[in-house]
Structures are given as structure tokens and as C-alpha cells.
Amino acid sequence: MTGIVALYIFMLAAFTGYEVIAKVPVILHTPLMSGSNFVHGIVLVGAMVALGNAHTTLEKVIGSIGVFMAAGNAAGGYVVTERMLEMFKASGTRKKPGGH
Amino acid sequence: METLLGAEGRQWLIQASYLLTAFLFIMGLKRMSSPVTARSGIVWAGAGMLVATLFTFLFPGLGNYEWLLPAIIAGTALAWWSGRRVAMTDMPQMIALYNGFGGGAAAAIAAVELYRGEQMSLTMSILAVVGALIGAISFSGSLIAFGKLQGLIKRSFRFRGQNIVNLLIIAATVLVGAFIATGYHADPFHVTMHVTLFFVLALLFGLMMTLPIGGADMPVVISMYNAFTGLAVAFEGFVMQNAAMIIAGTVVGSAGTLLTQLMARAMNRSLGNVLFSGFGDTGGAAAGGTVTGSMKPIEAADVGVMMAFAQKVIVVPGYGMAVAQAQHKVWELCQLLIDRGVMVRFAIHPVAGRMPGHMNVLLAEAGVPYDLIADLDEINAEFETADVALIIGANDVVNPVARTDKSSPIYGMPILNADKAKNVIVIKRGQGAGFSGIENALFYLDNTRMLYGDGQAAASQLIQAVKAI
């Protein structure tokens, strides 16, 4: 991947992120922030490669902390987002009071 | 796995899987921006994450499985467990915690690369250092945000010249970072020294920057750190030549920046104001003109009759309702009214929860359908035609002095026009002032009646009152 191609990817991805969010209603701000928080959990794949190629003990320890935290970011982000979004329902599908 | 495919074939498979992941992430986020499709959005994005993680195991030369697998399993299990358990009211701080982890992971990747001290091109080492800086700030800053919202850190640390001290810390960090990025002729000992100093300074800066910020402003700060982590991931993605990280990180970076601006605007604050002024603290001095008149109490039975025979009732919930765990009872009450033919709507102020949209989550948890919930712009014109505005746990967001009194600290903040309703019922625990310590002129109006009591108990009484009719 040459530098200029990387810059193209960067620019297009930045526009994409902006456009995807631009028209979001306030009611979804919190779940969406949580959802984007989950998406940057992709740092896990980078942390896996960094740890997988580590040589010294120091590198392995730091790499393991990185993988641990990245996995926490991804898994935690998914669970809390899913829990929040699961609850959004329209009138037609409403539950009876007291039922969960 | 070495026999499965040649190194080249495996690289191709990994790249193809990352492309699929990027597609699933973007589609997932897109679906998450509408309440109708939001639930499927996170599932799409989750599938993307799973694909990328599994295919990364094909990476040629990947080793250290005895470190790798326990770290993945422990991180996943711990976060999954905590994410399942956390109460909906505590969601904002959990998001902060997981976000901090992401920033820390990006910084850790950079640390592995930088401690190794291998020759990199200048562009790459600058990107690695900048990503490390942003990631480390996001890590320590998010942990402080978590601590504040969780109530572990009670007070805001402020002193004279704080902004100057912070400026000096960040200047020193950038200086050491520049030295690392350009100075790879240094011997291993000095590399280790410089990199360690750099991370200590960067973590300290995140700490110092977040400590003075008050709890009410934290949501904006968390959103900003979310964007920071995205950018840090993108920068480390460049260093590792990893397209999935570049795309996902950049998308989150720009989406998060926009979301931060939207949140700040919804709270009537600018980002600079949030970061450098140290307002947003709950201990702010009460100011503004005195309010004349008296608060007039009312009994639950009378309120029940009033609402049961109304045509339109607008409920204005605040964080106080969630603290009292009254949302289930309030919704039960509203369903009784709906069954009687009353038109019921919920009016949500942008700062009604702990962060914009948080109140919607709390109402959704109680089972309130989202099409009954309206935000400020949608509902404000409707108060004039409402027979009853029921205020429960909200205070400053319905205070009319924000429109009229220039000396009030909340002057200029957009408010819900509950005072325009024919009758205003305020459920309130006692006679004290609100979150910001400002007297609420709404409580003293001629069309306002106070129903004193705990939110949950008051809602139960109202349910009994309506049922008794």
C-alpha cells in the first residue's frame, strides 16, 4: 500500500463516517456512540499481529496487555450496544407492562 | 496451518476478509442511525469483527499463541460479563471504559513497535508516535471519565494556571515524541528511556486534561475520546499496513468528531468551553434573580382525575426519574391513559439523561415505544395544546428563566416549554433547587401544582388514582 493510496483510503473513509452519522436523530446518539466505540475495537487485529510477532519479554507483555484491552473494547462495545438497541421498539411491537 | 495455503494465498485471504469487514462495519453503522434498523446494525458490525479476528489467525509467521489466546479470552470474557451486568443508568461510564481500552490497545501496538526501535521511514514513525500520543491520552482520559461518572472520583481538581501546566506537559510530550520519531540512530538504552518517558507524559496529559472537567460535561468528553481512539487506531493501521484498521478507525474518527459537535450543540456548549473553562461542575454557584409566588401542592387523586379526562398529556422525564427507577411505573400509568383514549407523548430534552439520547434508552428499557417519544424541536409547539404537562425528575430543562433572565447561568439554554401547558404537574421529592442550584420559576406559576414524593411512589399513587375512576 503506497502512501498516496493510503491517503485516498483515509479521505474516503473520513467522508463515509461523516455521511453515515450526519442525519442521525438525537434518540440514537448514545447507542451510536457505543456502536462506533465497538467498531474501533478492530484494533484487536493490529494488537494480535503486534503480539504475534513480538520477540522480547517486554514486547510480549505490552502486546498481551494490548490484545487484552482490544478484546475488551470489542466484546464490551458489542454487548452494551446490542443491549441498548434491543430495547428500541415501535408501538406495534410493544410489550405488556412488567414484562421484560 | 502452514500447509493449508502458501503465505501469499493467506495474505490474499486476509485482505479479502478485511474488505468484507470494512463493508459490514459501514453498513452496520448506517443501519444504526435509524431506530427501525438499528438492532440489525450492531449484528452486521459484529459479524464483521468476527470475520476479521478469525482471518487474522492466518497471518504468516504469527506466533506467541501462549500469550495471545489467554489475552483474547480473558479480555473478551471480562468485558462480556461486565457488559451484561451493567445497569442502563450506568451505560455512559461503561462506554468510557471500553473506549479507554481501545485507546490503550492502540498505544500498546505503538509501544511494541517503538520499543523494538527498528528503522522505519520518517512518515511511519511520525504516524506511530502521533497514534501512540492520541491513544494514550484517550486511555487515561477515559479512565478518569469512568471514575467520575461511577462516583469513584468525587471532586474536580483545579488550580490556578492549570491550562499553562497542561500546555507545558503536552509541549514536553510532543518534543520527546519528535525526538523518538526522528532519532533512531540512538542506542537501545536511550530508545527505551525516551519511549518510556513519552508514554508517561502522554498518560499524564490525558489525566490532567480530564480531571478538571465536571460530571455534566463528561458525555461530550467521552464522545471526543471515542473519536480520538478511532484516529489512533487509524494511524497505527497505517504503520501496520492494515486496511481494516485504517478504514474502521477513520470512519469512527470522523463520525465521532461529528457526534461530539452534535452533543455539544445539544447541550448549548462549545467544545472549547467544555475543555478549558471548568464549568459543567455540579457545585456551581446559584445565581439569578429571585422568584416570587408560592409552590402550590396537589393530591395524587386530583392529578389522576385531571389526567384521565385530559385529551393530551405530555410527560417530561428527567434523570431524577431514572434514579428513582420510576420509568416502569410511569409507562404503566401512560398505558392506562392511552387505553382511556388520552393522547400521551414523552418530551425529551437533549440533556435529559447522562448524555444525549440516554433518556431514550432508559425509556426504551421500560418498554416505551420510540414513536411516542419526541425531542425538543418536535414537541415544543405542542405544549400549548396539552391539557397536562407531567414533569418527573426534570428541573433546569423546564425552567422558563432560561428564556427571560439574562443574569441566570442557564440563560440561552433551549428549554422545553412545559409552562405553556394548561396544567403543569411537577413530581418532586422536596422543595429544594435543582441540579445547578437555580430556583425554578416554573414551580411558582399559577398553572403549576406540586405533587411531593419519591418518583416511583408518586407514579404508583397516580396509577391507583386513575384505576379508581
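In which sense do strand 1 and strand 4 of chain B pair, and over how many bridges? Strand 1 (residues 312-317) and strand 4 (residues 388-392) of chain B pair in the parallel sense, over 5 bridges. Keep in mind that this is a predicted model.

**The sheet in chain B**

- Those two strands belong to an open sheet of 6 strands in chain B, in the order 3-2-1-4-5-6, and the pairing is parallel.
- At the edges you'll find strand 3 (373-375) and strand 6 (448-452) of chain B, each of which pairs on one side only.
- From one strand to the next, the twist averages 25°.

- Helix 17 (residues 455-468) of chain B lies across strand 4, strand 5 (423-428) and strand 6 of chain B.
- Helix 17 of chain B runs at about 130° to strand 5 of chain B.

**Aromatic rings**

- Over all chains, the structure holds 10 aromatic pairs.
- One to look at is A:Phe10 with B:Phe235: the ring centres are 6.4 Å apart and the planes sit at 20°, so this pair is stacked.
- This pair joins two chains, because A:Phe10 lies in helix 1 (residues 3-22) of chain A while B:Phe235 lies in helix 8 (residues 218-240) of chain B.
- A:Phe10 has 24% relative accessibility, so it counts as partly exposed, whereas B:Phe235 has 15% and therefore counts as buried.
- Over in chain B, B:Phe198 and B:Phe199 make an edge-to-face pair, with 5.4 Å centre to centre and 75° between the planes.
- Both B:Phe198 and B:Phe199 are buried.
- There's also an aromatic cluster, formed by A:Phe38, A:Tyr78, B:Phe25 and B:Trp80.

**A charge over a ring**

- What sits over the ring of B:Phe309? The charged end of B:Arg340 does, 5.2 Å from the ring's centre.

Conventions: Residues are numbered from 1 along each chain as its sequence is written. Chains are lettered from A and ligands numbered from 1 in the order in which they are written. This is a predicted model: local features need pLDDT of at least 70, side-chain atom pairs count only at pLDDT 80 or more; totals for chains, interfaces and linings use all residues. Side-chain values use heavy atoms; hydrogens and water are left out. Two strands pair if DSSP finds at least two bridges between them. Helices (H or I, at least four residues) and strands (E, at least two) are DSSP runs, numbered from the N terminus. Axes are lines fitted to C-alpha atoms, for helices over the stretch in contact, and angles run from 0 to 180 degrees between N-to-C directions. Contact means heavy atoms within 4.5 Å. Rings of Phe, Tyr and Trp (its six-membered ring) pair if their centres lie within 6.5 Å; planes under 30 degrees apart count as stacked, over 60 as edge-to-face and the rest as tilted. Buried means under 20% relative accessible area, exposed over 50%, partly exposed in between (1.4 Å probe, protein chains only). A charge sits over a ring if NZ of Lys or CZ of Arg is within 6 Å of the ring centre and within 35 degrees of the ring normal.
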